Amino acid sequence: MSESSTRTILRPRTAASGVRATVVAGPSTGVTATGRKITLGRSRIADLAVADFTVSEFHLELAPHEGGVDVRDLESWNGTYFEGGRLGRAVVPPGALLSLGESAIRVDLANEPEPARPMRDSFRSLLGRSTAMRELFGLLERLAPTELTVFIEGPTGSGKELVARVLHDESPRVRGPFTVLDCAALPSSLAESVLFGHAAGAFTGAVAARAGVFEAADGGTVFLDEVGDLPLDLQPKLLRVLEQRHVVRLGENRPRPVSVRVVSATWRDLRAMVNVGQFRDDLYFRLAQARLVLPSLAERREDIEILAADFLRRLPRNAACARAISREALAELSTRSYPGNVRELKNTIERAAYMCDGPVIRPQDLAFERLLERGREPAREEAVDDGEVPEFKGAKRTAIDDFEQAYLARLMTKTSGNIAMAAGLAGIERHYLRSLLKKHGLHSRERE
Ligand SMILES: Nc1ncnc2c1ncn2[C@@H]1O[C@H](COP(=O)(O)OP(=O)(O)O)[C@@H](O)[C@H]1O
Ligand SMILES: [Mg+2]
């Protein structure tokens, strides 16, 4: 957004378990909050809610730190200033005055008793014991019952859709529909009709009248997945629906009222897109009344073990597969990089469970996984070798053929030749699997 500096001001150690923030100037003068961590902003669900329009919904976060208060500006619109300089993240001394917008805040250390909140490892179907996930559970608990629009940011496979689902399931709208719209798969010619519906004969091919996504979700929640892919020309139309709470079907002019809560997600950095004009800032602010950021799996390896155990537990009861994983295999799993995050871990566990020879997944059962993973890593230094170097293309084809053959043989044995199951396990399309089998002269027992 704009440049900000990170300054650390070191002071002697003090051990404090909490912070206090008090508004000392501005519209909310006198308001104060104490806690182990405080989020301050204009949002009514902020720990310290400030009625100042120049303050962002979630403007900054405060936490105790050795010798001072750790201040983290949450990329606020107008910034956070200390002694005339703009802060990104910094530790300031107790008693420091921060200015944000028209308000001034004094921050202090405070002693907060350990919270009585249970150390939970899950929130509905969301699992995690990392600090990041536990904090997320706390936020979800507070956010879910509200009508706020929630914007979820996080890399692919990090659980964005699951979080959206949990927000719906824990809300008063739970009896209403939960409708998912994948904005990345929206054909631009039909986009408006998909979103808002159409009257019969509204355009060529519109034979019957149809309700759009918003009408279909009336009384429930709409999840706009990959909202960063929403074409620019549709953005003002979406904004209008969010503001006016009604839709007009294509070919009609009668507004139909809709009551929907909107949750959206993307792996893209929407704020960066706003900066370059690819995403409208007014829409972003309307979508992100609250913003949740999901960390990558590599940033919370503590969660791998309970996730793995859960994925094993959920395998079909009558399937012939492993039901447990050894310490060593788990140790190996916890060193991987997971560009596909939780989804990748789930696929890895499921594949290994079906492909392994015994009831327990051991490191050697992860060998196929290692091959797959290696394909993505930059080439490693190979040991010195004086042998002849074969022509690249041929060598590559041979290596791939060998791999395919071994993989397919094992895959088809494990699934007793069931194509649908094998394709699901391998994570490839059936027709592609069939063509691979044909190429290697392998046969399947089609049971479809
Ligand atoms: N915290 C979690 N606990 C349990 N399962 C999870 C968690 N996060 C993700 N998953 C599972 O991982 C897969 C990918 O999650 P998804 O919500 O589709 O990710 P995204 O929408 O971010 O790409 C799903 O099968 C989901 O159930
Ligand atoms: Mg998704």
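## Crossing of α12 and α14

In this predicted model, helix α12 passes α14 in a left-handed crossing. By class, the contact of α12 with α14 has six nonpolar, no polar and three charged residues. The α12 side of this contact consists of Asp 401, Glu 404, Leu 408, Leu 411 and Met 412, and these meet Leu 433, Leu 436, Leu 437 and Lys 439 in α14.

Two packed helices are described by the angle between their axes and the distance between the axes. For α12 and α14 the packing angle is about 110°, and the axes are 10 Å apart. An angle of 65 to 115 degrees counts as roughly perpendicular, and α12 and α14 are therefore roughly perpendicular to each other.

## The two sides of α14

Which residues of helix α14 are buried? Helix α14 spans residues 430-439, and its buried residues are Leu 433, Leu 436 and Leu 437. These residues lie on the same side of α14 because they cover an arc of only 100° around the axis. The cover over the buried residues of α14 includes α12 (392-414) and α13 (419-426). Leu 433, Leu 436 and Leu 437 are also among the α14 residues that α12 meets.

The other side of α14 carries the exposed residues His 431, Lys 438 and Lys 439. Of these, Lys 439 also takes part in the contact with α12. Just after α14 comes Gly 441, with a positive phi of about 65°.

## Packing of α10 on α12

Helix α12 also packs with helix α10, which covers residues 341-355. The angle between α10 and α12 is about 75°, with their axes 9 Å apart. That angle makes α10 roughly perpendicular to α12.

On the α10 side, Arg 351, Tyr 354 and Met 355 make the contact; on the α12 side, the residues they meet are Tyr 407, Arg 410, Leu 411 and Lys 414. By class, this contact has four nonpolar, no polar and three charged residues. Leu 411 of α12 meets α10, and Leu 411 is also in the contact with α14.

## Positive phi in two loops

Glu 226 is not a glycine, yet its phi is positive, at about 50°. Glu 226 sits in the loop between β18 (221-225) and α5 (235-244). Is Glu 226 buried or exposed? The relative accessibility of Glu 226 is 16%, and buried means under 20%, so Glu 226 counts as buried.

Arg 245, another residue other than glycine, has a positive phi near 60°. Its place is the loop between α5 and β19 (246-247). Arg 245 counts as partly exposed because its relative accessibility is 29%.

## The loop at Pro 145

Pro 145 is found in the loop between α1 (131-143) and β14 (150-153). With a relative accessibility of 44%, Pro 145 counts as partly exposed.

Pro 145 and Glu 170 are 25 residues apart along the chain, and their C-alpha atoms are separated by 6.5 Å. Leaving aside residues up to four places away in sequence, Pro 145 touches Leu 140, Glu 170, Ser 171 and Pro 172.

## The chain as a whole

How many helices and strands does the protein chain have? The chain has 14 helices and 24 strands. Of its 448 residues, 46% are buried.

Contacts between residues at least 6 apart in sequence can be sorted by separation: 63% of them join residues at least 24 apart.

Definitions and conventions: Residues numbered from 1 in each chain as written. Chains lettered and ligands numbered in written order. Predicted model: local features only at pLDDT ≥ 70, side-chain atom pairs only at ≥ 80, totals over all residues. Heavy atoms only, no water. Buried < 20%, exposed > 50% of the residue type's maximum accessible area, 1.4 Å probe, protein only. Helix = DSSP H or I, 4+ residues; strand = E, 2+ residues; numbered from the N terminus. Arc of directions from axis to C-beta. Contact = heavy atoms within 4.5 Å. Axes fitted to C-alpha atoms, helices over the stretch in contact; angles between N-to-C directions. Parallel < 35°, antiparallel > 145°, perpendicular 65-115°, else oblique. Left-handed = near helix turned anticlockwise from the far one by under 90°. Nonpolar A, V, L, I, M, F, W, Y, C, P; charged D, E, K, R; others polar.
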